[in-house]
Amino acid sequence: MRFGAAVLRSYEDPFAVEEVILSSGPAEGEILVRIAGCGMCRTDLAVRRSAGRSPLPAVLGHEGSGVVVETGGPDTGLAVGDHVVLSFDSCGHCRSCLGAAPAYCDRFAPLNLFGGRPQNAARFTDAAGGALAPRWFGQSSFAAYAVVPARNAVRVDPSLPLALLGPLGCGFLTGAGAVLNSFGAGPGDTVAVFGAGAVGLAAVMAATAAGAVAVAVDRHPERLALAEKLDAVPVHSDSADLPGRIRRLTDGGAQYALDTTGSARLINDALRALRPTGHLGLVARLHTALPLEVGTLDRGRGISHICEGDAVPGLLIPRLTGLWQAGRFPFDQLIRTYPLADINEAERDCEAGLVVKPVLIPHPA
């Protein structure tokens, strides 16, 4: 099977949209999906800064959605024609997976970031027969088709706008899950979100959908305007006495804060903005030591890292689509679509902050 895909051949070069070859169909427990759309996530772009840890050449993309066109055996739980959203890979049998915490799978890094599943890896090549890295996040969905472990796929209502649903598998899942799962925020709670990108704005939408009050902190006026449109209280990140301002807006301090920026200054500000016993969640990967200022963890305040919104995708994704259908999680307002052929333009726009969530369409109408 030959089809188009965006291949990253080096850490410095642009993506090349070229023909790739899949030498065999899905194995047992896998499905073949015709990709309708795939979100571009900053985790995809971070491969360029991975210091050689992510194998290349590779087809990236891990926020795919599409239609099942073939199944590998009778036990996938899916059928040809099903509409699916693709999420992260997990082994399914370690202590974390068995405990409904697949984001903390013992094999999360090798399965998703640094090599994928070794089974049948050689079946995916470029047009000249050169090997491509095993599946990125179990999918490699910057492509017209993807072979995916059925465990990664979540069936969705076929009436939904399929091409736009992919980011529910990672970026939107992470922000919303942090609020709904990790924090368990509800009516009367306050949530301060630092960074109004895709993950942060998903957190804002989830907070307001849950009945909590959301405060959005960012340095870009257009992002703050969008957060305000989504019913958050906007606050510029360079405001004088930022923690004090948030405490005043939240009647003594936020119960929860979510940092999506990885900025040490903002992380310390977030801790100072919490009320006693408040909780700060971090979703950005930190690349240096994090200096915490004296007093930031006093009075029962806590800090933790949150991976993939503590989500079981098969449970959270239907919850988010239901909220969207009810008009309470308008994630489509954050999306701009691009043909897969324009992937480098989408990357430039994403890096420049011109778009919140690019979604690549491999089969333009």
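User: Is R248 buried or exposed, and how is that read?

Analyst: The general idea is a relative accessible area: under 20% means buried, over 50% exposed, and partly exposed lies in between, with a 1.4 Å probe and protein chains only. R248 has a relative accessible area of 59%, so it is exposed. This is a predicted model, in which local features need pLDDT of at least 70 and side-chain atom pairs count only at pLDDT 80 or more, while totals for chains, interfaces and linings use all residues. Residues are numbered from 1 along each chain as its sequence is written, and side-chain values use heavy atoms, with hydrogens and water left out.

User: How many salt bridges does the count come to?

Analyst: The rule gives 15 salt bridges. One of them joins K357 and E63, with the closest N and O atoms 3.0 Å apart. This pair links distant parts of the chain: K357 belongs to strand β17, E63 to the loop between β4 (58-59) and β5 (64-71), and 294 residues lie from one to the other. Helices (H or I, at least four residues) and strands (E, at least two) are DSSP runs, numbered from the N terminus. Both K357 and E63 are buried.

User: What does D82 form a salt bridge with?

Analyst: D82 pairs with R155, and the closest N and O atoms are 3.1 Å apart. Here too distant parts of the chain are linked: D82 is in the loop between β5 and β6 (83-86), R155 is in strand β9 (residues 153-155), and they are 73 residues apart. D82, at 16% relative accessibility, counts as buried, whereas R155 is partly exposed with a relative accessible area of 45%. Salt bridges can also form a network, as they do among R9, E18 and D126.

User: How does one check the span of helix α5?

Analyst: The expected span of a helix is 1.5 Å times one less than its number of residues. Helix α5 (residues 198-209) has twelve residues and should span 16 Å; its end C-alpha atoms are 16 Å apart, which agrees. Ten of the twelve residues are buried, so α5 is largely enclosed by the rest of the structure. Among the buried ones are L201, V204 and M205. Just after α5 comes G211, with a positive phi of about 90°.

User: What covers the buried residues of α10?

Analyst: Cover is read from contacts, that is, heavy atoms within 4.5 Å. The cover of the buried residues of α10 includes β1 (2-8), β2 (16-22), α1 (42-45), β16 (335-339) and β17 (357-361). Helix α10 spans residues 343-351, and its buried residues include I343, E347 and C350. G353 follows α10 and has a positive phi near 75°.

User: Which residues other than glycine have a positive phi?

Analyst: Most residues other than glycine have a negative phi, and most peptide bonds are trans. S140 has a positive phi of about 50°, and R299 has one near 60°. S140 lies in the loop between β7 (124-126) and β8 (145-149) and, at 2% relative accessibility, counts as buried. R299 is in the loop between β14 (274-282) and β15 (302-305) and counts as exposed, at 60%.

User: Where is the peptide bond cis?

Analyst: The bond from L56 to P57 is cis, with omega near 0°. P57 is in the loop between α1 and β4.

User: What does the secondary structure of the chain come to?

Analyst: The chain has ten helices and 17 strands. The radius of gyration is taken over C-alpha atoms, and the globule rule is 2.2 Å times the number of residues to the power 0.38. For 365 residues the rule gives 21 Å; the chain has 20 Å, close to that value, so it is as compact as a globular protein of that length. Of the 365 residues, 57% count as buried.

How values were computed:
Salt bridge = Lys/Arg side-chain N within 4 Å of Asp/Glu carboxyl O.
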